[in-house]
Amino acid sequence: METSPNRYYRTCELNAVASYKDGKTILSDKFYTQPFKIMKPFHIKKDLMTVMMQTASAGILKGDTQEMHFVVEDNAKMELLSQSFEKLHKMDGGSARRDTTIKVGKNALFKYSPLPTIPVLTAPSTLSWRIAPLSSCCWKFCPAVVSHTARNLCTVSTIPTLPSVREAS
């Protein structure tokens, strides 16, 4: 299905890079365009940085094209949360797309646990995640889609990596 023209006339982006510096994980780089925002990171645990993404929108709408990129560099530990549930609206003959790429470095931890996405039953959209963990990293991936008929809504692919990658419990 062909994607409708983007409501924002450009791809909406959200990018974040977590680095380990002076014994602590910091947000070393961030970039976002409307409707995304990133709150100031906080540390509930000394060694784990929590980042909350926000969306100033009613949800994913017809024609939206969104790209998210998250990098957790060697030894960094980051948890990514979202501010609220997200609605995937009815597309009326159109569609929307969100692609998420995640790269996790050596001895790093990434926990991705946004609140659920709630699709309208007839919302033809694509939500995809590409995860590139490196050797000796730990990651936990917890996206949730709440639906009565979540047909082919999401795809998750792991980019080939070295054998010692493990998923966090």
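Helices (H or I, at least four residues) and strands (E, at least two) are DSSP runs, numbered from the N terminus. This is a predicted model, in which local features need pLDDT of at least 70 and side-chain atom pairs count only at pLDDT 80 or more, while totals for chains, interfaces and linings use all residues. Residues are numbered from 1 along each chain as its sequence is written, and side-chain values use heavy atoms, with hydrogens and water left out.

**View 1. Strand E6 at Gln-66.** Gln-66 is found in strand E6, which spans residues 65-72. The relative accessible area of Gln-66 is 1%, so Gln-66 counts as buried (buried means under 20% relative accessible area, exposed over 50%, partly exposed in between, with a 1.4 Å probe and protein chains only). Apart from neighbours within four places in sequence, Gln-66 is in contact with Thr-11, Cys-12, Phe-36, Ile-60, Arg-97, Arg-98 and Asp-99. Contact here means heavy atoms within 4.5 Å.

View 2. Gly-63 is found in the loop between strand E5 (48-55) and E6. With a relative accessible area of 0%, Gly-63 is buried. Ser-95 lies 32 residues from Gly-63 in sequence, and the two C-alpha atoms are 5.7 Å apart in space.

**View 3. Salt bridge between Asp-47 and Lys-77.** A salt bridge is a side-chain nitrogen of Lys or Arg within 4 Å of a carboxyl oxygen of Asp or Glu; the count by this rule is 4. In this view the side chains of Asp-47 and Lys-77 meet at 3.3 Å, N to O. The pair links distant parts of the chain, 30 residues apart: Asp-47 is in the loop between strand E4 (42-45) and E5, and Lys-77 is in strand E7. Asp-47 is partly exposed, with a relative accessible area of 40%, and Lys-77 is also partly exposed, at 28% relative accessibility.

View 4. Arg-98 forms a salt bridge with Glu-86, the closest N and O atoms being 2.8 Å apart. The side chains of Arg-97 and Asp-99 meet in another salt bridge, at 3.0 Å from N to O. Arg-97 counts as partly exposed at 32% relative accessibility, as does Asp-99 at 21%. Arg-97, Arg-98 and Asp-99 are also among the contacts of Gln-66.

**View 5. Aromatic pair of Phe-70 and Tyr-112.** Rings of Phe, Tyr and Trp (its six-membered ring) pair if their centres lie within 6.5 Å; planes under 30 degrees apart count as stacked, over 60 as edge-to-face and the rest as tilted. By this rule the chain has 3 aromatic pairs. One of them, Phe-70 with Tyr-112, is tilted, with 6.1 Å centre to centre and 45 degrees between the planes. Phe-70 in strand E6 and Tyr-112 in strand E10 (residues 109-112) are 42 residues apart, so the pair links distant parts of the chain. Phe-70 is buried, with a relative accessible area of 1%, and Tyr-112 is buried, with 2%. Phe-70, Phe-110 and Tyr-112 form one aromatic cluster.

**View 6. The largest nonpolar core.** A nonpolar core is a set of buried Ala, Val, Leu, Ile, Met, Phe, Trp, Tyr and Cys residues joined through side-chain atoms within 4.5 Å. The largest such core has 20 residues, and Phe-70, Met-78, Leu-80, Phe-110 and Tyr-112 have the most contacts inside it. At least two residues of this core come from each of strand E1 (12-21), strand E3 (36-38), E5, E6, E7, E9 and E10. E1 supplies the largest share, 4 residues.

**View 7. Nonpolar surface patch at Phe-85.** Phe-85, Leu-115 and Ile-118 make a nonpolar surface patch of about 250 Å². Patches are made of residues with over 30% relative accessible area and no salt bridge: like charges are joined within 9 Å, nonpolar side chains (Val, Leu, Ile, Met, Phe, Trp, Tyr) within 5 Å. Accessible areas come from the Shrake-Rupley method with a 1.4 Å probe; for residues, only the protein chains shown count as cover. Phe-85 is found in the loop between strand E7 (77-82) and strand E8 (86-88). At a relative accessible area of 48%, Phe-85 is partly exposed.

**View 8. The whole chain, for reference.** The chain has 0 helices and 15 strands. Of its 169 residues, 42% are buried. The accessible surface comes to about 9300 Å², and 53% of this belongs to carbon and sulfur atoms.
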